[in-house]
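Take a look at the model below before reading on. We'll go through one chain, then the other, then the place where they touch.

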Amino acid sequence: MNIAIIVYVIGWVLEFEALFLSLPMFVGLYYKEYNSSLAYFIVAILCLTIGFILRRIPLKSDELYLREGFAAVAFSWLFLSVFGCFPFMITGEIPGFINALFETVSGFTTTGASILNDVEALSHASIFWRSFTHWVGGMGIFMLILTILPLAGAHGMNLMRAESPGPSVGKVLPKIKDTAIMTYAAYIGITVIGFITFLFTRMSVFEAATMIFGTVGTGGFGIYNDSVASFTPLQINVITFFMIISGINYNMYFCLMTRQFKQAFSFEEIRWYIAIIVTSTCVISYNIHHMYPTISESIRHAAFQVGSIITTSGFSTADFDKWPQFSKTILVILMFIGACAGSTGGGFKVSRLLILVKSIGKELQLIIHPNLSKRIHIDHHSLSNETLRSTNAYAAIYFILVFASVLLVGVDGFDFTTNFTAVAATLNNIGPGLELVGPTHSFDLYSNFAKCILIFDMLAGRLELFPVLILFVPGCWRKY
Amino acid sequence: MNIIVVGCGMVGYSLVEQLSSENHDIVVIDEDENRVRYITDEFDAMGVIGSGEDCKILVEAGIERTDLLIAVTDVDEKNLLCCIMAKRFENCRTIARVRNPVYSSETGFLRRELGLSMIINPEQIAANEIARIIQFPPEIKVDTFTRGRIELLSLQVAEGSFLEHATVRSIRARLNCNVLVCLVTRDEDAFIPDIDTEFLAGDNIVISALPTEANTFFLKSRIQPQRIKTVMIVGGGTTGYYLARRLTDIGIYTKIIESDTKRCEELSDMLPEAVIINGDGTDERLLLQEGISAMDAFAALTGLDEENVFLSLYAKNVSKCQTVTKINRINYTEVINKMDLDSVIFPRTLTADYIVKYARSMMNGVSSNVENIFRLENGKAEAFEFFVSEASAVTGVPIARLKLKNDLIICSITRNSQVIIPGGHDEIRVGDAVIVITTRSFFSDIKDIVNR
């Protein structure tokens, strides 16, 4: 393990964080919240200094193999969150280190689970920072850093692999740097278009900015206590639209940008993703139609909630905890499906589900024709055994982690639905669960121990398990 | 530049290694997923798994935006087919590796008919390099044109040597050999000399000559103290064959030791002047019996790298000969360089170097009329090889009567496999390959050499 290079990479991450922290500082200055501005300024300077020092520690070698890549990404996200939570503590808006860390991790991992009962009491700077962490975490900090990080050869690929979601991470352009630039161009493009559209629906500039960060980052931190329920129907529909397109594999946007229209609309994963959204929306609309005066209102709530849960944003327009059991069951299942690979969303990913379903089909075929030779195809490409194996392993680890977390969180003594959905909502980076952690409640009720478990789940979920788990393998730290 | 490399073997690896360090956008294609991953894990390149002749795969690799496709799989026909497929998309230049000696004499024809930019033959490149090592002292640098028929030799004029204060006229008069001095570099400044330019100590000069004439020139001018007269080659593979053919062409006594009886018969068929010994090259008694201790040079060219190393070490032990060792596969360059082996050649890096040179000149906007290009003297001058495909103002007229531009020299004409070192009365004809050296601008066509 080349620890020096991990330290170097963390140095870069902190430099970037200093840049990010300067944004809420200016927001604070604009709203004349000088105390908050000062807090963000102090932490920004701290990040800048520490980052500067870490980057100047001499490297013995610049080798960055897969394990260094994984460890560097896991640690970077931890450092990012730890430094990102300091402003909350300095201003005293969120008391306690664990609480502040929970809120920040929830922000960067685009979970949107909050321990705050009164969001509106926060300063504008802090509300902005909470939402902005979603935007940074959505596409990933390394995707951004790789646009300028001077790393030789394919080393950057090991960082990208660790951070980007999906069963197989590839490049869309030959160079890592170009791939990163292209991806961020699409990301910024969607953000800007969304921001302008939000302004057109008569949101204020502050509302539009914070909401678009939470929407395209598929985060879910609301800026009001009732999440997005107080927005107009038009605004809600626009948010639904932008949430759903943010959960689409960014390869599609790359194809659109390079004018490969035919290919752009032929991704199997995206078709399934849309199909799942449409079906769930129809079923839930029918199931809840008696609760709302008009059909269009029930469709609006159903579409918003389905979009919000499957993209793992976690906004809410209605207290879906009060919906019929059948609708709630669908939402919990959607929590586990998650968005497309290569998007800003979390969860298990539609493409993994697709692979698993197809391999189940293959297993059944093998009983009928024991000597059958069959490869699994996605998008007209046969899957390598490597991808298949790692998807199966991912599924196994994923469910073991779910049950282990439910067990550990269970020591606090809350009911099973609360615990189970709390774990599902954090591991899948959604935000609200059901019952006591439902959309109108917060995670404040859990003990610090349970919060730490949930923080771990959020990070593990965002980084797709392996980068976080590898840190606990002793062999990872040996030199040989 | 956007480059596709088809085939992730050893040459492919070396190519990507060099090209990616020059910041090109590289996509590699191979049917073997592991070989693709081996390259993409190490270098900043994108991998596509599939066959390079498959149009769909080429499109997936982004052939529409590609400037150069290099096909270096193990199969010649596959490489050629792959390049033809790439021709479906405009603007893409192609380089194919073709190693079968059956095609080697027709590469020019194949290249033009199939519209390729370049055909490379790794074994031939390796053989040329070995021949250079055997023929010339290490201070002479050699660039080979027209598939080894013509060479540009660059060397420094030493103080007190024959060349100091000589002119082209005096060299021709006193040595009676047909060499042409094409370029002189003096104090960081490169210029084309005329017949009465006097060479000074410290000048770097580039000479164009036929291989045999070059040998005579170096011997008579005493730049090379002794002549290699006898060479023993162990391993009669393709490289061995090319090497032997070159050496026998310039009258060197060549002995090949090859274990495969059938191959020996083939070799003796193709190389009537060489001595072919059918036997095990690792047999000490056989080597001694065939006079290894009396050889001037020894080339270990078997398919096994370890065997080559040991053979050369043994040869050095029992004789005073110069040894050349071919290393195909193994990577431990540092260890190999520490051993007491005179010269070691790595065919895959040689091939990659050759292609990278072409890619570099392509970046400088050289048109596809140019068959070959070399940068001379660190880019102060360039040597272009043109194929004359049609009649024009420059054809059919004696060179003395052409109004040639300044700062260029025609250093050779190849006609029907015969090389002419041109004088004023020679003329360029349709079908010739012409090499021009210039210190000034780039040319895109042979017609550009005259003033309009």
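With 480 residues, chain A would have a radius of gyration near 23 Å if it were a compact globule, and its 22 Å agrees with that. The radius is taken over C-alpha atoms, and the globule rule is 2.2 Å times the number of residues to the power 0.38. Keep in mind that this is a predicted model: local features need pLDDT of at least 70, side-chain atom pairs count only at pLDDT 80 or more, and totals for chains, interfaces and linings use all residues. Residues are numbered from 1 along each chain as its sequence is written, while chains are lettered from A and ligands numbered from 1 in the order in which they are written.

Let's stay with chain A. Its C-alpha atoms fill a box of roughly 65 × 60 × 50 Å along the principal axes. It has 20 helices and 2 strands, which are DSSP runs numbered from the N terminus (helices: H or I, at least four residues; strands: E, at least two). How much of chain A is buried? The share is 53% of the 480 residues, where buried means that 20 or more other C-beta atoms, placed from the backbone, lie within 10 Å of a residue's own.

Now for chain B. Its mean pLDDT is 83, with 94% of its residues at 70 or more; pLDDT is the predictor's confidence in each residue, from 0 to 100. In chain B, 6 strands make an open, parallel sheet in the order β3-β2-β1-β4-β5-β6. Strands pair if DSSP finds at least two bridges between them. At the edges sit β3 (46–49) and β6 (118–120) of chain B, each pairing on one side only.

Angles run from 0 to 180 degrees between N-to-C directions, with axes fitted to C-alpha atoms, for helices over the stretch in contact.

| Helix of chain B | Strands touched | Angle |
|---|---|---|
| α1 (residues 10–21) | β1, β2, β4 and β5 | about 170° with β2(B) |
| α2 (residues 33–40) | β2 and β3 | about 175° with β3(B) |

Finally, where do the chains meet? 8 residues of chain A are in contact with 11 residues of chain B, contact meaning C-beta atoms, placed from the backbone, within 7 Å. On the chain A side, there are 4 nonpolar, 2 polar and 2 charged residues. Here Ala, Val, Leu, Ile, Met, Phe, Trp, Tyr, Cys and Pro count as nonpolar, Asp, Glu, Lys and Arg as charged, and the others, Gly among them, as polar.

Methods:
A residue is buried if 20 or more other C-beta atoms lie within 10 Å of its own, exposed if 12 or fewer, and partly exposed in between; C-beta atoms are placed from the backbone. Two residues are in contact if their C-beta atoms, placed from the backbone, lie within 7 Å.
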